[in-house]
There are 2 protein chains.
Amino acid sequence: MELLKVDTLEQAREKLMQAVGDGWLTTCEVPVVEALDRVLAEDIYGELDIPCFRRSMVDGYAVQAKDTMGAGESIPVFLQVIEDVAIGTRACSTIGPGTCAYVPTGGMIPEGADSCVMVEYCEQFDEDHIAVSQSVSSGRHVVEAGEDSRKGALLLKKGTRLRPQEIGALAAEGLTCVMVYEPLKISIISTGDELTAPGEELQEGKIYDINTYALAALAKKHGFMVSNTRTVPDVYDALRSAILEAKDESDIVVISGGSSKGKKDMTALLVDELSDPGVFTHGLALKPGKPTILGLDQKSRTLMLGLPGHPVAAMAVFEMLPVWLKRQQEGEQEKLPVPAVLNGNVPGTPGRKMLLFVELTKTPEGYLASPVFGKSGLMSTMTRADGYAVVELNQEGLKTGDRIWVQVF
Amino acid sequence: MELLKVDTLEQAREKLMQAVGDGWLTTCEVPVVEALDRVLAEDIYGELDIPCFRRSMVDGYAVQAKDTMGAGESIPVFLQVIEDVAIGTRACSTIGPGTCAYVPTGGMIPEGADSCVMVEYCEQFDEDHIAVSQSVSSGRHVVEAGEDSRKGALLLKKGTRLRPQEIGALAAEGLTCVMVYEPLKISIISTGDELTAPGEELQEGKIYDINTYALAALAKKHGFMVSNTRTVPDVYDALRSAILEAKDESDIVVISGGSSKGKKDMTALLVDELSDPGVFTHGLALKPGKPTILGLDQKSRTLMLGLPGHPVAAMAVFEMLPVWLKRQQEGEQEKLPVPAVLNGNVPGTPGRKMLLFVELTKTPEGYLASPVFGKSGLMSTMTRADGYAVVELNQEGLKTGDRIWVQVF
């Protein structure tokens, strides 16, 4: 292991993509009813014209539009009613000049008709005739077969995260199952002699374990499956066996708690030992997030990620690396950031990209983003924030009035 | 039941809040590890100062800052090391003039010290002395006890949706459980002789059932619990018993599929019959979403909601009413909308509020929002959209260049 391979975020990401390669993700078929928020692993082509038949958008009479030309309240047009189409059934008649058929909303428009007149403009005249008091143009109140989506056309692209409307679109095609990506399995190891599990009594000098809980929640939020969490003391052998166990049961092993020099070295050594070809990023030019370690074991294709011990830094790096990697691999689009105007001056961090936590305030012109200041690593800087902006490496800081993009979390 | 109680969205919402009253939601205690995305039903006050003790932010030596005054590379200051504080243990010494203690990142700062010098600026001089080559100011690299959050102070407000960082903040306090709102139980009834379950063969004139799937996904997305879904034919008795069963097992009964006049009347009659005091909103001045029916049964406190049959309209009303109601009841803040500039002209809809579906394009200045046009009710208008804007009742439409707020879905 070469020491001090400090990378920019972009370098680390590129190495990560190369190390992981293609086919890292596996796919599975899930019922459409359970597919909300899953990401499509296949292109979906229309199986049917939607709608399958010409449908009426109103309760009314299917007519030939030209028959209604000039119709009005004082000069109605008389048409013969030759069918009463029931919802869910085939229309049997063929509408010719002078004839019409009743069709309910969603019902099938008979052959020959090209439009509908709403019942509000039709009056029963005699047993089989109505008086129409409105002129309609061709196509009025009719949805053509295939107007929503066409048989054979690309309906949903691979990489689409399925929202309720996409679930609806899949149901409309009659699909019951769909191919999506399996969630990546993740193990979280928190190291530290100072860590105490919530609920237990806190002894002097110790703190409650935050990272296990915050990182598990973050992983869950982004669609990872947390297969295990472990808290281990700062003992080489304990950490070693925890990593080995975790490697067996997950795609990503996250080790957090390497902020102090001794711990950082121990994590780096173990990641290097237990992955082949070993550590490829040792330090990230990111604030917060410097003490980050990346390695990938080619044989088991397990990504090993050493995160900073500060919870805020650990979460920031988790967003910037595994969450980013998952999206890249799934081909999912970036979550839309929010444009805002900065309300405060922010000094640059030479040679490091910075995540700036901000609070958003709505104004008639858009958002004002006020930086949430506080010492690095304070969780309150993150609970007070609505999101973060990225201040680039070579930017000399930002000033009040600058336009920024905020990723809301 | 008075017929035609067409309400504006605001009127319907006010009636809804009054009908539901206080105490509609129930609360429950959940483990912090499972509390992601749940909404707090209690204010959380700090149980501890966080951190509980003064911690070092670096690997270094805890010193009295005034001892380092004037120190530099050419003129180091010599200090006696009187303790090596291990992580997770109590610091025992008291730092006085001329003395210091080693403290790792996250370790306890001993009494008397007010700052830390990073190890990078310290050199071992003899067995128990170091040479310090940097001057630090008081407070440097130290997090004070309570600097992140204070014992007794409001940590998280009732109504907060718990993000990963809030889970972390709860863990930091040592909390294992937290009081949140129980999800509202919802039953979805889709009516229509034309409906066919996905997977079955589609006969002429029939369509696949979309609403059951799309509405269940939408409900799930917004934190409701879907207790049951039912598809029933357009038969009075069948719908009546479905509603009765659903009423027993849920807080909200959603009946979708009342776009045609006959169906609409049947739903309205049944909601009126099966709720006491009956229907209070019959029609909504909203596009899409006009054929909406609202009733609340006071005894069982069940909300009954008749939705339009068009899937897009049904989903729009679901967002505008039950989702809105849930947020109001939980005291959760509005999801932050995205500001955008409209890229297209949109005619107004006199007397009706309108939901305008838009596609967002990122530009250096912000977002352009292009209206997604298409006949009302086409699912493709919603799958192509990134979100929606609300065009107010009395607005004479919108034009290219207008600023709008887009709720991303």
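1. H1(B) covers residues 9–20 and H6(B) residues 311–330; they pack at about 50°, with axes 11 Å apart. Axes are lines fitted to C-alpha atoms, for helices over the stretch in contact, and angles run from 0 to 180 degrees between N-to-C directions. Helices are DSSP runs (H or I, at least four residues), and strands are too (E, at least two), numbered from the N terminus.

2. This is a predicted model: local features need pLDDT of at least 70, side-chain atom pairs count only at pLDDT 80 or more, and totals for chains, interfaces and linings use all residues. Residues are numbered from 1 along each chain as its sequence is written, while chains are lettered from A and ligands numbered from 1 in the order written.

3. Which residues of H1(B) meet H6(B)? Among them are B:Leu9, B:Leu16 and B:Val20; partners in H6(B) include B:Met320 and B:Trp324. Contact means C-beta atoms, placed from the backbone, within 7 Å.

4. Now the two chains. The contact takes 76 residues from chain A and 75 from chain B. On the side of chain A that touches chain B, H2(A) gives the largest share, 8 residues.

5. A rotation of 180° with 0.0 Å of shift along its axis superposes chain A on chain B, RMSD 0.0 Å. In chain A, the C-alpha of A:Val338 is nearest the axis, 3.0 Å from it.

Note on methods. Contact = placed C-beta atoms within 7 Å. Least-squares fit on C-alpha atoms with pLDDT ≥ 70 in both.
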